[in-house]
Amino acid sequence: MPAVNMMKMNSIGVYIHIPFCLSKCPYCDFNSVASGSVPEARYAACVLKEFNACVGKEGIDRQKGLGSVYFGGGTPSVFSPAAIGGIIRGVTDGFGPQEPAEVTLEVNPDTVDAGRLEGFRKAGVNRLSIGAQSLDDGLLKMLGRRHSAKKALNAFRMAREAGFENIGIDLMFGLPGQTLALWKETLKTAVALRPRHVSLYGLTIEEGTPFGRLLKNGSLSLLPEEVEIEMYKTAIDTLAEAGCVHYEISNFALPGYFSVHNSGYWQGIDCIGLGAGAHSYMSAPGWGRRWWNALEPEQYMERIALLGNAVEGSETLKMGEASAESLMLGLRMLTKGIVRSEFKQRFGILPEDMFKRLKEFEAEGYIKNTADSIILTPKGALISNELFSNMLA
Amino acid sequence: MEKDRIRNFSIIAHIDHGKSTLSDRLLEFTGTVTKREMVDQFMDKMDLERERGITIKAQTARLNYKADDGKMYVLNLIDTPGHVDFSYEVSRSLSACEGALLIVDASQGVEAQTLAHLYTAQDVGLEIVPVLNKIDLPQADPERIKAEIEDLLSLDASDAVLTSAKEGKGIKETLEAIVKRIPPPAGDGNKPLKALVFDSWYDNYQGVIIQIRVFDGVIKRGSRIKFMATGKTFDVDKVGVFTPHPRETAELGPGEVGFVIAGIKEVRDTSVGDTLTDAANPAAEALAGYKASKSMVFSGLYPVDSSQYEDLKDAVVKLRLNDSSFTFEPETSLALGFGFRCGFLGLFHMEIIQERLEREYDLSLITTAPTVAYRVTKTDGEVLMVDNPTKLPPPQNVSMVEEPFILASIHMPSEYLGAILKLCEDKRGIQREIKYLTPARVLLEYELPLNEIVLDFYDKLKTLTKGYASMDYDYLDFRVSRLIKLDILINGEVVDALSLIVPSESAYARGKVLAEKMKEIIPRQMFEVIIQAAIGAKIIARETIKALRKNVTAKCYGGDITRKRKLLEKQKEGKKRMKQVGRVELPQEAFLAVLKVN
């Protein structure tokens, strides 16, 4: 199985959170604000100030390779190519000579045209993740998206024309009103675009969102479980036919196109998170540490201006936490799984020493247990939460 | 101590009407407890009490008060527990007093819980001083509430004391009312010692501490004392008073309230309500009203994690030191492993014990459905007490099953009479009397199987009367009933800890709702779970919990990892509270599902 672009263990990822959107979608509980004016220059300056302060404070060796840069949101594509370019240069400059990092920009179809896409490419972005979510106008409207299916498809084509080869697309399933036939149609249309990467998300109703309230008061009806399972299975089959590898519970890609940045999260690669609400992770010292920034953009910028950081909270992992996390994340990777030798090297014990119900889960067909690794089966992937929480019990 | 300078009193109040706050203010005003050491609500010692807003263990405090007449008085505040399970303990605490403050919320008026204690107080002949608290609230309406007290309770409320314990208003007036209106104690210091034991507990350093009220005679260090009910004798090491901190005194004479330490090792040697006398010169007769405390309700207590059995054992042994109405003996369940069959005064007592075990000893426990002790006569003539449904012999070997009946006295506003009559009939009750105390208040007396009370009678009573009914009960006798064992099977296996003894005429209905309830309570698992109710070999109800097939297939990137791990940790914690029976994980509530059936 090609793992060619899995990140090198000694490299580092950088995540930049752009918390601005044109409008807020009713299902979304990500950190974002929909405001008329976007304080682009000020925010970009803060991100770089935070980055430099962090590199200094954490003693990060700039000779270390920079494996990935990822602009997530919110809607990072509301920023101008110039602002994005400025951040990319600021973040990559000074890092040692390495093969070019994966630089991803999440794109909302509503925010781009040929010129801007061209601009992003010239600014150093080499991978796009297009947040289509659906390719059905009715469902897009229900989701509160401002763009049409056509616009999403256009954005994809324009991105190709602008010279992007590595383009991914995000789709959602399990949507109220979505039928299996409609979903198949969406998958078919998406596959025809030859995306290098596809992320699929089952609709999750989060508390505190408009959808959460609608569900509570009974005006939102979710799909029957069987239908949602069928949708997931259909997607797995369709994408497999298109040559995509189901390499993580929610992610599919052509060989060689696994997301370097996201793979970093699942493999415990260091990552500096910049911007409002961004999370950072350092695997050393000890069993690792995480910290996260103030959520609110204004507050974030004020704190950066004042202190150079906007840390709102942090946690130092204990061995039990780090190893449990490693098991959970390892199982999410459906081709790599938990690699025994890697686990043993890091924690000094074998995964099965912690994973007490391994044999039972294997017998039930939820887990594939080979000499080298422990891998979730598609059946297991469906009830991954249940497995994770039972794993250590 | 001159008797006419002593006042012994209790406070009777509904849960939120401000008993603890008023107690605190009295302590503060008299300088008994300084502001600095005043932890809010000093009188409620245990965390549990504070959380539930209920006093479980009686506390006393001695207040020194200089009254308007210029004389110093000793006011003994004797606290009372606040629940039907402890009604006997309450009656003993009240017997130690000459009067009681009846606190009523000036905005809400008289509420149910107040009544039972008030009637007990009147039964033992206490002078009642009405106190209207929370007069600071905008919705307070003292005149209306006074009228209500006079109507409902037939008490003279014209000179009720008005207070706001929260704002410290009316505290002095309350103290004056205690001095002027509550009579001083009677008693003769030259007669043989006669003292009422109204509380006792185990102290790690001193052994058992007992609280007493002296009626006649004097007790001091070196006295050889005798408990008249148990006949046991001890030498007194110390006597003293609670201020509320313990302070040793030379002696305790007639009318005084205080503690005695006498090298007693076990609380069970010191039954509440017993009379303490001089071993060499005993009183001719004991004080009236003693009852041996007796476990009425039984349930199994098991550790969720079997490796905690020894810890549980240590914990129940320690709790028993302090609570003579709690009993236990080891038992084994096929489903739950090693545990204890425990006896309690009632359901509330059971909950308190379980919570204390979990909290103070950090145990995670399964409590099986509460049951009463049945008297079973076998065909071979053998008679046995069955306090665990699994021990009920097979039907062909049983010639007779008898169950305990109680006499319930229920006070309520007359508008609820219809609903409560129906409830009592549904619960297999036999009506004894309906008495109109006033046109608006009814006393209903019913003979009821204790088993029905144990299940959900009290909750239903409260719900049906919006909390305005109060209930007290006395044990009557054993009566023959048609009772059978109802089993619950999980994936084809009988789970012994879920078995129940039920009246045969309602067995089908119970089995059906119980299986339905279990389906609600047991979370979906990674495989199908079948719940069945059975009488003997006959299946009478069946429910299926479908296998879990899907969780949300949500994303998991940078910021999600911590959140997700914490969620999983929480779920894992939740699983620690589940008991693995076969392959099925049963949450703790599943074992008490029968209590949740409506």
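Of the 393 residues of chain A, 58% count as buried, meaning under 20% relative accessible area with a 1.4 Å probe and protein chains only. This is a predicted model, where local features need pLDDT of at least 70, side-chain atom pairs count only at pLDDT 80 or more, and totals for chains, interfaces and linings use all residues. Residues are numbered from 1 along each chain as its sequence is written, and chains are lettered from A in the order in which they are written.

Chain A has 16 helices and 17 strands. These are DSSP runs, with helices (H or I) of at least four residues and strands (E) of at least two, numbered from the N terminus. In chain A, 69% of the contacts with a separation of 6 or more join residues 24 or more positions apart; contact means heavy atoms within 4.5 Å.

One hairpin is formed by S9(A) and S10(A), with two residues between them. The two strands pair in the antiparallel sense over three bridges; pairing takes at least two DSSP bridges. Glu248(A) stands opposite Asn251(A).

| Strand | Residues |
|---|---|
| S9(A) | 245-248 |
| S10(A) | 251-253 |

The structure holds seven cavities of 30 Å³ or more. A cavity is a set of points on a 1 Å grid where a 1.4 Å probe fits but cannot get out, and lining residues have an atom within 4 Å of a point. The largest cavity has about 110 Å³ of space, the volume being that filled by probe spheres set on the points. Its lining has 14 residues, and Arg341(B), Thr368(B), Asn388(B), Asp496(B) and Ala497(B) lie nearest the centre. Strand S18 (residues 327-333) of chain B gives the largest share of this lining, three residues.

Conventions: Side-chain values use heavy atoms; hydrogens and water are left out. On a 1 Å grid over the protein atoms alone, a cavity is a set of points where a 1.4 Å probe fits but cannot get out, and a pocket is an open set with protein on both sides within 12 Å along at least five of seven lines; lining residues have an atom within 4 Å of a point. Buried means under 20% relative accessible area, exposed over 50%, partly exposed in between (1.4 Å probe, protein chains only).
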